[in-house]
Amino acid sequence: MVFIYYSQGVASLYTDFTERLMSRLALKGTEITQQVLNATTATMHVRHTDEQGKLDLAVEKLNVKVTYTVDRNRKEITKGVAGAVAGAGLGGLIGSLLHREEGAGEAIAGAIGGAAAGGAYGAYDGYEESKDERTAFAEVLAETLQEVEDELREILEGQEQAREDARERGRQRIEEDNEKAEEYRGMLEDLYGQVLAIQEEIDMAGSEGTNVTKAKGRIDRAESLYKEAQASFDKKEYPPIKPKVTAAQNMVDKAREALSEAQSGE
């Protein structure tokens, strides 16, 4: 008898999936031997109470397919194969199928079409004869797979949430940087306007014979600080901008005062 399970959307954590499955099965009294573990596949022999068989694991796109083959005498089975899709509910689903009057193929198709969330389907000659074929380990395996899948889904959801949080922090930093950029752009434009205005006044006063040496020294220093702040802004190195703008503004004020004193002393 063969049971087939699909654990949905956990292929990216295949190694973790395999390790957790083996650990949980072992804790539930399953003896695991002859393991062959590869990057995307695994095989192992299992023994649970008086039942034994083979497990085959394989990555299929986004899912992990687990095939359990029971090593036992199947005298009462005359046709068909039993299988399962991710989740538990094996016994109930088999029973519901085998009590139907329609053909085995129709019963299986009806169960799948009804979107049964896990369980097994099969084709047998009679319900009473097939009850013994519903293995205990098949149910244990289905339950364990669901537990592991739930754990890994929580991890995947946590990883996705962490990525979304990181993206949100990135968006916030961009918004903050844009706000800072606008603030500093305004500061630099205002400073540049003041520097140009004072330079014009100093040049005019100098052409009229006023001693503007002190005022010119101050405004030249203000212009130098402005250029340094502008260079930091162009490189998006924002921390040095405000101190340089503050220092440049102080030089502009002192240049204005020096010019006024020079003009008053004439």
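1. A salt bridge is taken here as a side-chain nitrogen of Lys or Arg within 4 Å of a carboxyl oxygen of Asp or Glu. The model is a predicted one, in which local features need pLDDT of at least 70 and side-chain atom pairs count only at pLDDT 80 or more, while totals for chains, interfaces and linings use all residues. Residues are numbered from 1 along each chain as its sequence is written, and side-chain values use heavy atoms, with hydrogens and water left out.

2. By the salt-bridge rule the count comes to 19. Side chains of opposite charge can pair when their charged atoms come close. Three of the pairs are described in the next points.

3. Glutamate 164 pairs with arginine 167 in a salt bridge whose closest N and O atoms are 2.9 Å apart. Both residues belong to helix α5; because they are 3 residues apart, about one helical turn separates them. Helices (H or I, at least four residues) and strands (E, at least two) are DSSP runs, numbered from the N terminus. Glutamate 164 has a relative accessible area of 30% and is partly exposed, and arginine 167, at 37%, is also partly exposed. On this scale buried means under 20% relative accessible area, exposed means over 50%, and partly exposed lies in between (1.4 Å probe, protein chains only).

4. Glutamate 147 and arginine 24 form another salt bridge, with the closest N and O atoms 2.9 Å apart. This pair links distant parts of the chain, since glutamate 147 is in helix α5 and arginine 24 is in helix α1 (residues 14-27), 123 residues apart. Glutamate 147 is partly exposed at a relative accessible area of 28%, and arginine 24 is partly exposed at 27%.

5. Between glutamate 228 and lysine 244 there is a salt bridge in which the closest N and O atoms are 2.8 Å apart. Glutamate 228 lies in helix α6 and lysine 244 in helix α7, so this pair ties together parts 16 residues apart in sequence. The relative accessible area of glutamate 228 is 32%, which makes it partly exposed; lysine 244, at 23%, counts as partly exposed too. Elsewhere, salt bridges with shared partners join Asp16, Arg20, Arg24, Lys28, Glu147 and Glu151 into one network.

6. Leucine 152 is also a residue of helix α5. Its relative accessible area is 0%, and it is buried. Leaving out residues up to four places away in sequence, leucine 152 touches Val10, Leu13, Asp16, Phe17 and Arg20, where contact means heavy atoms within 4.5 Å. The C-alpha atoms of leucine 152 and phenylalanine 17 are separated by 7.3 Å, although the two residues are 135 apart along the chain.

7. Two packed helices are described by the angle between their axes and the distance between the axes. For helix α5 (residues 136-207) and helix α6 (residues 213-234), the axes come within 10 Å and cross at roughly 155°. That makes α5 roughly antiparallel to α6. Axes are lines fitted to C-alpha atoms, for helices over the stretch in contact, and angles run from 0 to 180 degrees between N-to-C directions; angles under 35 degrees count as roughly parallel, over 145 as roughly antiparallel, 65 to 115 as roughly perpendicular and the rest as oblique.

8. The contact of α5 with α6 includes Leu188, Leu191 and Tyr192 of α5 and Ile219, Ala222 and Tyr226 of α6. Its residues divide into 14 nonpolar, 2 polar and 3 charged. Ala, Val, Leu, Ile, Met, Phe, Trp, Tyr, Cys and Pro count as nonpolar, Asp, Glu, Lys and Arg as charged, and the others, Gly among them, as polar.

9. Helices α6 and α7 (residues 241-264) pack at an angle of about 160°, with axes 8 Å apart. α6 is therefore roughly antiparallel to α7. Among the residues that meet are Ile219, Ala222 and Glu228 in α6 and Lys244, Val245 and Met251 in α7. The contact of α6 with α7 divides into 16 nonpolar, 1 polar and 7 charged residues.

10. As for the fold, the secondary structure comes to 7 helices and 7 strands, in the sequence order β-α-β-β-β-β-β-α-α-β-α-α-α-α. Buried residues make up 36% of the 266 residues. Of the contacts between residues at least 6 apart in sequence, 69% join residues at least 24 apart.
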